[in-house]
Amino acid sequence: MLQTYYTVKGYGEREIVIEKSRFICYINRAETEEEAVAFIQQIKKKHWDATHNCSAYLIGEHDQIQKANDDGEPSGTAGVPMLEVLKKKGLKDTVAVVTRYFGGIKLGAGGLVRAYSRAVSEGLNAAGIVERRLMRVMRVTIDYPWLGKVENELRSSVYTIKNIQYADRVTFDVLVPEDGQSSFGEWMTELTNGRADIQAGAMEYAERLLSSS
């Protein structure tokens with residue numbers, strides 16, 4: 001598993017108009033090729049009357065799956081430029097569809113490349129980009145008298161509380177960098193005078209928003 005990678009926060013859409021042609025970009029996260037294809041088909045169904053529904057996606061830790069489709073535009077003027085924008089942003093598991101309604105003015109090959117590239121960039125601004133970092137879930141179990149102090153300290157720290165479970169005792173699931181387990185354990189032990197039970201759990205990704213519109 002990658003320690004860190006970038007992808008889109010989720011669904012986003014943005015429309016731009018160039019020389020009377022409408023370019024509507026739709027962006028989404030897709031972790032499998034099936035998800036990407038289903039999203040493309042959904043947009044094509046929505047805009048069945050469009051002049052073109054061009055698409056691009058890249059999926060996998062090492063971008064093993066990459067596809068680009070010009071959907072009737074001159075070869076290399078739509079799908080590939082769209083894919084290049086995703087790659088230049090360093091994104092993974094991302095699908096983009098740009099719907100075009102022709103406005104009567106031809107843009108030429110260079111104009112089409114710029115239009116589709118810009119549409120995807122605008123779509124990414126709408127969707128937002130996140131950094132996904134692999135973290136260790138540390139489970140901290142304490143007695144109720146320690147609840148206020150531990151929760152306050154955690155919320156004002158660099159760590160992220162994933163969830164809190166209230167039972168006979170209170171359990172915090174906290175996301176901690178893999179190389180920070182020892183220091184976290186020492187800090188929590190000192191904070192609770194050794195009264196906390198601390199266990200290392202599974203690895204999972206935590207997301208941090210980098211940009212949004």
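A contact here means heavy atoms within 4.5 Å. With that in hand, 72% of the contacts in the protein chain with a separation of 6 or more are between residues 24 or more positions apart.

Before going further, some housekeeping. This is a predicted model, in which local features need pLDDT of at least 70 and side-chain atom pairs count only at pLDDT 80 or more, while totals for chains, interfaces and linings use all residues. Residues are numbered from 1 along each chain as its sequence is written, and side-chain values use heavy atoms, with hydrogens and water left out.

Now the overall build. The protein chain has 5 helices and 10 strands; helices (H or I, at least four residues) and strands (E, at least two) are DSSP runs, numbered from the N terminus. The C-alpha trace spans about 75 × 30 × 25 Å along its principal axes. As for burial, 47% of the 213 residues count as buried. Buried means under 20% relative accessible area, exposed over 50%, and partly exposed in between, with a 1.4 Å probe and protein chains only.

Next, the helix pairs. Two packed helices are described by the angle between their axes and the distance between the axes. Axes are lines fitted to C-alpha atoms, for helices over the stretch in contact, and angles run from 0 to 180 degrees between N-to-C directions.

How do the axes of H2 and H3 cross? Helix H2 (residues 79–88) and helix H3 (residues 108–127) have axes that come within 8 Å and cross at roughly 40 degrees. That makes H2 oblique to H3; angles under 35 degrees count as roughly parallel, over 145 as roughly antiparallel, 65 to 115 as roughly perpendicular and the rest as oblique. From H2, Pro81, Met82, Val85 and Leu86 meet Val113, Tyr116, Ser117, Val120, Ser121 and Leu124 of H3.

H2 also has buried residues, including Gly79, Met82 and Leu86. The cover over the buried residues of H2 includes strand S4 (52–59), strand S5 (65–69), S6 and H3. After H2 comes Gly90, with a positive phi near 75 degrees.

In the loop between H2 and strand S6 (94–101) sits Lys92. Is Lys92 buried or exposed? Lys92 is buried, at a relative accessible area of 15%. Beyond four places in sequence, Lys92 touches several residues, among them Leu2, Tyr5, Glu61 and Asp63.

Ala68 is in strand S5 and is partly exposed, with a relative accessible area of 38%. Ala68 lies 13 residues from Ser55 in sequence, and their C-alpha atoms are 5.8 Å apart. Outside four places in sequence, the contacts of Ala68 include Gly79, Val80 and Leu83.

The second pair is H4 and H5. The axes of H4 and helix H5 (residues 181–191) come within 11 Å and cross at roughly 145 degrees. Lys149, Val150, Glu153 and Leu154 of H4 make the contact with Phe184, Trp187, Met188 and Leu191 of H5.

Last, Arg155 belongs to helix H4 (residues 147–155). Arg155 counts as exposed, at 56% relative accessibility, and touches Ile161 and Ile164, leaving out residues up to four places away in sequence.
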